[in-house]
Amino acid sequence: MLNRSDRLRLAALLLWTLPVAALLPLGLWRLWETGTVLYWMAAMVACSALGYGLQYGLRRRDARLLAGAQTTPDPAWPPQSKTAWDAIEAMATAIQPADWPLSDGPRLADLGRAALDQVARIYHPQKAQPLLELTLPHGLLIIERACRDLRTEIAAQIPFSHRLTMGDLLRAYRWKSTASRLLDLYRAGRLVINPASALLGETWERLRGRAFDAAWADLHRWLLQEYVRKVGYYAIALYSGRLTLTTDAPPAAATPASRRDQARAADTASNQADEPLRILILGRANAGKSSLINALFGRLTAPTDVLPDPAMPVTPYRLERDGLTTALIFDSPGIDTAGLPPKTLETLVADADLVLWVTAAHRPDRQGERTALDRIRALWNSKPDHHPPPLLIVVSHIDLLRPPREWQPPYDLINPQGTKAANIRAAVEAVAADLEVPTADAVPVCLAEGRVYNVADSLWAALLERQGPADRVRLLRCLDERKRSENWSLLRQQLAGAGRFLATLPRRIIG
Ligand SMILES: Nc1nc2c(ncn2[C@@H]2O[C@H](COP(=O)(O)OP(=O)(O)OP(=O)(O)O)[C@@H](O)[C@H]2O)c(=O)[nH]1
Ligand SMILES: [Mg+2]
């Protein structure tokens, strides 16, 4: 219903437009009189066709621009987050703009809630109302982040969005139906006065209207989809521990455990402020684990000055090299010895960003290693909200393969010539099959002192290749740690706040 002020506004508008609107019938009359009306019609058809083509092209360009301005998932997300993102993406794609008018605030809030619910359901599948698992500050954080991003995107993508007020938009919405009713009236009148031109005009109107409506629908759809994606993105970031309540910067500060290990590292140079990459060396006794560390360092690093830690039977060394995130590399006792109990092994692999598994090429009984490795893999797979650390198999003792007397590196292992090279290649394939890893993840080396081979080139290259995935594991590990410490520090703050409140309570009551 039009209220009184709207009606007066409408009258003002009519008075403004009446003289201009009268020009059309008057002009047509004049054209008719001079016999040029057909030319005018031809020009009108040509202009309409050009205009329609231009509008069509613009719409396609806009669609491309909008598609480019689309929230995408973080490539560093673990598998569970990717599942959640697929659900959000499916929800965004299925959105019909007609179902979600922008003027209906409560309905839009429902849409945001549905996106949140979608994510919560994946992280808390056993809960009937998973959304209720979210704390109030965390809920507010998602809204804050999603709104911040949407604001910058809208400002960047929608022309004049920084000049249009919410009132403008609402008024435009309210007026739309009135205006179209009036337009219908005008069209009917025109049809009576001049059927031919009205018919042409009608076709033109329709084409133009359709093109503009479609462009508006595209924008409307983009807005809704981005809204869902943004809410989903931050909900996923929060549930997977990548968003914490207190700070914004990606956390890579050294965790307490790594600070301790750095202090224990044989080479106690200045401690790194950033969290180091934690590389864990595992394997059976005598496989060549300690020799691997020496070969990687290129010199003997005696861990004599290291304090023995009975709870953690591993020895950390600092590993620095161009192109590699500063790392701590941990030497461990054989997995088949009493020196590495299963519980300790579990803690170690849970904290590792990269695992180097050393196995001797000349010892073909690998059932025990396979069992241990499968247990470790099961442990990793039980945490879908984490990436499993990359695993590299180091196949040592290749110099002892048949013929054992022959040792004349380098060997071409891609096109093996001679028995030794063929045996090395066969050993690598056997190890890969026994431990169920791709052959590309097994690197043959010799670690015997004075005979070190294939470490400086192939092994280092394989290590550096796995740095990206290992860094992702490191970052998630830091975030977990920060979330843990944040929980405590927030609780401390809140308790302190509550304490202050209680202390001043008597005064407040009396005052
Ligand atoms: N011939 C040969 N000997 C090797 C190779 N790698 C290691 N060794 C020798 O194997 C023996 C055991 O090597 P370590 O590096 O101490 O083995 P480890 O895995 O650290 O053994 P634990 O610490 O007892 O579990 C040492 O005598 C090494 O010199 C290799 O590739 N070829
Ligand atoms: Mg050792």
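**Figure 1. Cys446 is buried, at a relative accessible area of 0%.** Buried stands for under 20% relative accessible area, exposed for over 50%, and partly exposed for the range in between (1.4 Å probe, protein chains only). The model is predicted: local features need pLDDT of at least 70, side-chain atom pairs count only at pLDDT 80 or more, and totals for chains, interfaces and linings use all residues. Residues are numbered from 1 along each chain as its sequence is written, chains are lettered from A and ligands numbered from 1 in the order in which they are written, and side-chain values use heavy atoms, with hydrogens and water left out. Cys47 counts as exposed because its relative accessibility is 54%. The structure holds 0 disulfides, a disulfide being a pair of cysteine sulfur atoms within 2.5 Å.

**Figure 2. The fold has 14 helices and 6 strands.** Helices (H or I, at least four residues) and strands (E, at least two) are DSSP runs, numbered from the N terminus. The protein has 511 residues, and 39% of them are buried. Take the contacts with a separation of 6 or more: 74% of them link residues 24 or more positions apart. Contact here is heavy atoms within 4.5 Å.

**Figure 3. Ligand 1 has 16 residues around it.** A residue is near a molecule or strand if one of its heavy atoms lies within 4 Å of it. Lys289, Ser291, His397, Asp399 and Leu447 come nearest. The side chain of Lys289 places an N or O atom 2.7 Å from an oxygen atom of the ligand. A polar backbone atom of Gly288 sits 2.9 Å from an oxygen atom of ligand 1. On the side chain of Asp399, an N or O atom is 2.7 Å from a nitrogen atom of the ligand. These are polar contacts: pairs of N or O atoms within 3.5 Å; within protein, one must be able to donate a hydrogen and the other to accept it, and residues adjacent in sequence count only if both atoms are side-chain atoms.

**Figure 4. Lys420 is buried yet has no salt bridge.** Lys420 belongs to helix α12, residues 418–434. Its nearest side chain of opposite charge is Glu406, 6.2 Å away. Lys and Arg count as positive, Asp and Glu as negative; His and the chain ends are not counted. A salt bridge needs a side-chain nitrogen of Lys or Arg within 4 Å of a carboxyl oxygen of Asp or Glu.

**Figure 5. Ala427 is another residue of helix α12.** Ala427 counts as buried because its relative accessible area is 10%. Not counting residues up to four places away in sequence, Ala427 touches Ala361 and Leu401. Ala442 is 15 residues from Ala427 in sequence, with 10.0 Å between the C-alpha atoms.

**Figure 6. Two cis peptide bonds are shown here: Arg402 to Pro403 and Pro409 to Pro410.** Omega is near -10° for the bond from Arg402 to Pro403. For Pro409 and Pro410, omega is about 0°. Pro403 lies in the loop between β5 (391–396) and α12. Pro410 is also placed in the loop between β5 and α12.

**Figure 7. Asn286 has a positive phi, and so does Glu436.** Neither is a glycine. Phi is about 65° at Asn286, in the loop between β1 (277–283) and α9 (289–297). Asn286 is exposed, at 68% relative accessibility. Phi is about 55° at Glu436, in the loop between α12 and β6 (442–444). Glu436 is exposed too, with a relative accessible area of 51%.

**Figure 8. Asp149 forms salt bridges with Arg148 and Lys230.** The structure holds 22 salt bridges. Side chains of opposite charge can pair when their charged atoms come close. The closest N and O atoms of Asp149 and Arg148 are 3.7 Å apart. Arg148 is partly exposed, at 32%. Asp149 counts as buried, at 14% relative accessibility. From Lys230 to Asp149 the N to O distance is 3.3 Å. Lys230 lies in helix α7 (residues 195–239) and Asp149 in helix α5 (residues 136–157), so this pair ties together parts 81 residues apart in sequence. Lys230 and Asp149 are both buried. Elsewhere, salt bridges that share partners join Arg284, Asp336, Asp365 and Glu369 into one network.

Figure 9. Arg121 is partly exposed, with a relative accessible area of 39%.
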